[in-house]
Amino acid sequence: MSSRRVAFPSILRAGLSPLALILCLAGARAEPAPPPASPEPPPAAKPAAPAPKAEAPASTGAPAALPVAQGAEPAPAAPKKSRELPPLVVARVSDDPVPTLAPSTFLDTFRMAERYQGIVDAGGWGTLPADLTIKPGARDPNIPALRRHLVLTGDLPAGVPSSDQLDPVLVSAVKAFQARHGLPETGLVGRQTVAALNVPAATRQRQLSASATRQIGSNFPYGDRYVVVNIPSATVEAVERGVVVRRYVAVVGKPDKATPRIEARITDVNLNPTWTLPVSIIKKEIIPKMRKDPGYLARERIRILGPGGVEVDPTTIDWAGEKAANYTLRQDSGLDNSLGQVRIDMPNKQAVYMHDTPSKSLFAREVRFHSHGCVRVAQVKELAGWLLEGTPGPNGAGSTWGPIEIETSIATNERVDIKLPKQIPVTFVYLTGYATPDGRAHFRDDIYGIDSPPVGAPAPVPDVVTTGSVTPKRPAPAAPAKAARSAPVPQRTAESGMMPPGLVPGKAGRPAID
């Protein structure tokens, strides 16, 4: 603007005509053109449009239609989406090194059932208001009843001075109670904690007795290293020399597709596994989807294989019926494979196993009963690394299977089957109540309703699930829960003829499921 003010008096002194004066003023308002000697700017620095077009009204008003002013920075390009997986978020699980299942679990649980029967006979414990909330340090008239309950269950030492305040000693007792019930150890008395406190003593005794009964006759070979999946806890424990070296969050079978109870041995770790779809899923899920969307199998990278493994064109199959169930449907390896990037193989008659999953959001939930029967494991690569300790690595003699070797093999997207030189025992158990050698009783929800079947319903008949490493035994009727009070402790031997560990209700021999 200063240059224009200098030029205007000069124009007046030039004695121009009014018309010439107007033309000169119009030119003074226009942006000066770049000097002729200046090189043409690179395309990125060019003005988006001449000045007159910039003043033309836009019909849409979209920002993209507006020009970029000369000398202005161009708009940054939209950032590309990252192909990296988001951080894995998992629910909190206990870091207690004491295993859920150990050689002494049967007797410990049996004796704890006796102790709880004594509590039942003495009248049990009362209930607290369902909507009760007490923060640490607060006072409440329900606290004396809370104290009496925690003394009965051994969480609070007898003889501690009583008051109506949630003091530090009582907070520690509440945390101990929460830990035994798989609840967040906050010390806050809230909805979940009150719900667990209000479960009757008779129900807790029945859980202990039923869980002990399910362990009668077990022939599980513990050894120095073994794996335990407690179905009601939805957790996986890697046990070494009697200590839990790592406890993993898991997703187990939903109530209508219950995870079975098994005893088996882990034989292989599969990297980049393929997934062979069971007939039940082909009939109930794949065929209906293909009727509505013929491109579904191609998008999911699922191949149809006929006799001899020859691939079949999906368009040649009549999806109006169920003929597709006569073929093998197999999903290719990859990040989106239903088994994820790792499968842990453990041959058994129920064809269940542990594996990774592309649907990892479920690991963050407190309630994790969503699978078709198999066990999905968070941080399964870490578990695979623990299983592969001592297994020769991929680079010849002296190499090992560490995190780098596992990730490198997965990155090839080629299936790799690694056989363990020493098979590791694994068991899926259903322990809603169990005791540990330190004298604590632990409880979980009876998610499948096994301990308390509906009134009038016949008791489920468990199936015997074994592999070549487990000797079948003759089934025998389970003793009533109350019988644990006076009956002698049964011996867990092959000669006892007692009922072996069975399954949650379901068909035996069903095909592989996820």
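This is a predicted model: local features need pLDDT of at least 70, side-chain atom pairs count only at pLDDT 80 or more; totals for chains, interfaces and linings use all residues.
Q: Why does Cys374 count as buried?
A: The relative accessibility of Cys374 is 0%. Buried means under 20%, and therefore Cys374 counts as buried.

Q: Which residues does UniProt list for "active site"?
A: The unreviewed UniProt entry lists His355 and Cys374. They are spread over 20 residues of sequence, yet they cluster in space, with a largest C-alpha distance of 7.8 Å.

Q: What is the place of His355, and why does His355 count as buried?
A: His355 belongs to strand E10 (residues 354–355). Its relative accessibility is 0%, so His355 counts as buried by the cut-off of under 20%.

Q: What makes strand E4 mostly covered?
A: Strand E4 comprises residues 262–271, and nine of its ten residues are buried. For each of those residues, buried means under 20% relative accessible area.

Q: How do you know that E4 and strand E13 pair?
A: Two strands pair if at least two bridges are found between them. E4 and strand E13 (residues 416–429) have nine bridges, in the antiparallel sense. Within this pairing, Asp268 stands opposite Lys419 in E13.

Q: What makes E4 and strand E9 a pair?
A: The requirement is again at least two bridges. Four bridges join E4 to strand E9 (residues 342–345), so the two strands pair, and they do so in the antiparallel sense. Here Asp268 stands opposite Asp345 in E9.

Conventions:
Residues are numbered from 1 along each chain as its sequence is written. Side-chain values use heavy atoms; hydrogens and water are left out. UniProt positions are given in the numbering used here, feature names are shortened, and annotations may be inferred rather than shown by experiment. Buried means under 20% relative accessible area, exposed over 50%, partly exposed in between (1.4 Å probe, protein chains only).
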